[in-house]
Amino acid sequence: MRSPEKSLFDYFYYLSLKHGLPTFDYLPAESKTSYPFVYIGQTQTQGQNNKYSRSDHIFLTIDVWGRKEQRKVVSEIADGLFNFAIGKIKTAEYEFYGRSNQQSKQMMIDTSVPNTVYQRGHIEIEMEVVL
């Protein structure tokens with residue numbers, strides 16, 4: 001049985017692939033991919049227990065990378081992934097719920113590679129495991 005964290009990771013990974021986007025769980029070398037692409041990054045589980053129940057929260061970071069002239073398409077992909085994180089998500093093992101005020105999306109210019117400019121959509125997702 002997969003963990004809730006892995007189940008949510010896989011959901012967004014395969015959602016991105018289903019939409020025809022190059023999708024990675026690592027940052028590929030520039031020569032090994034086409035742009036734009038999706039990078040499903042860090043995950044974190046934060047358990048919240050009280051006297052009567054357990055309510056885990058799963059955090060997932062997704063980055064959409066594109067060339068400097070691809071801002072529109074990077075933004076559209078990031079918007080789509082952001083919107084999928086609002087409301088109910090059901091996987092084979094778990095059910096998750098994401099509130100709109102728990103998600104964040106940011107568009108930025110990335111110059112971390114020398115002499116190169118990228119468009120980057122950065123999405124931070126928080127989902128509650130519904131038990």
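User: What separates Phe9 and Tyr13 by about one helical turn in helix H1?

Analyst: In this predicted model, Phe9 and Tyr13 stand four residues apart in helix H1, and therefore about one helical turn lies between them.

User: Why is the pair Phe9 and Tyr13 called stacked?

Analyst: Ring centres must lie within 6.5 Å to pair, and planes under 30 degrees apart count as stacked. The centres of Phe9 and Tyr13 are 6.0 Å apart and their planes stand at 20°, so the pair is stacked. Phe9 and Tyr13 are also both buried.

User: What makes the pair Tyr11 and Phe12 edge-to-face?

Analyst: Planes over 60 degrees apart count as edge-to-face. For Tyr11 and Phe12 the planes are at 85° and the ring centres 5.2 Å apart, so the pair is edge-to-face. By this rule the count of aromatic pairs comes to nine. One aromatic cluster is formed by Phe24, Tyr26, Tyr35, Phe37, Trp65 and Tyr118.

User: Why is Tyr11 called partly exposed, and why is Phe12 called buried?

Analyst: Buried means under 20% relative accessible area, and partly exposed runs from there to the 50% limit above which a residue is exposed. Tyr11 has a relative accessible area of 24%, so it is partly exposed. Phe12 has 0%, so Phe12 is buried.

User: How do you know that the buried residues of H2 are on the same side of the helix?

Analyst: The buried residues in H2 are Val74, Ser75, Ile77, Ala78, Leu81 and Phe82. They cover an arc of only 165° around the axis, and therefore lie on the same side of H2. These buried residues pack against helix H1, strand E2, strand E3, strand E6 and strand E7. As for length, H2 spans residues 71–84 and reaches 20 Å from its first C-alpha to its last, close to the 20 Å expected.

User: What makes the approach of Glu128 to Arg99 a polar contact?

Analyst: The cut-off for a polar contact is a pair of N or O atoms within 3.5 Å. The side chains of Glu128 and Arg99 make such a contact at 3.1 Å. Glu128 lies in strand E7; among the residues that Glu128 touches are Ser55, His57 and Tyr97.

User: Why is Asn115 called exposed?

Analyst: The exposed class requires over 50% relative accessible area. Asn115 has 83%, so Asn115 is exposed. The place of Asn115 is in the loop between E6 and E7, and its phi is positive, about 60°, although Asn115 is not a glycine.

User: How do you know that the peptide bond from Tyr35 to Pro36 is cis?

Analyst: The omega of that bond, from Tyr35 to Pro36, is near 0°. Pro36 lies in the loop between strand E1 and E2.

Methods. Residues are numbered from 1 along each chain as its sequence is written. This is a predicted model: local features need pLDDT of at least 70, side-chain atom pairs count only at pLDDT 80 or more; totals for chains, interfaces and linings use all residues. Side-chain values use heavy atoms; hydrogens and water are left out. Helices (H or I, at least four residues) and strands (E, at least two) are DSSP runs, numbered from the N terminus. The expected span of a helix is 1.5 Å times one less than its number of residues. Buried means under 20% relative accessible area, exposed over 50%, partly exposed in between (1.4 Å probe, protein chains only). The arc is that of the directions from the helix axis to the C-beta atoms. Contact means heavy atoms within 4.5 Å. A polar contact is a pair of N or O atoms within 3.5 Å; within protein, one must be able to donate a hydrogen and the other to accept it, and residues adjacent in sequence count only if both atoms are side-chain atoms. Lists of a residue's contacts leave out its neighbours within four places in sequence.
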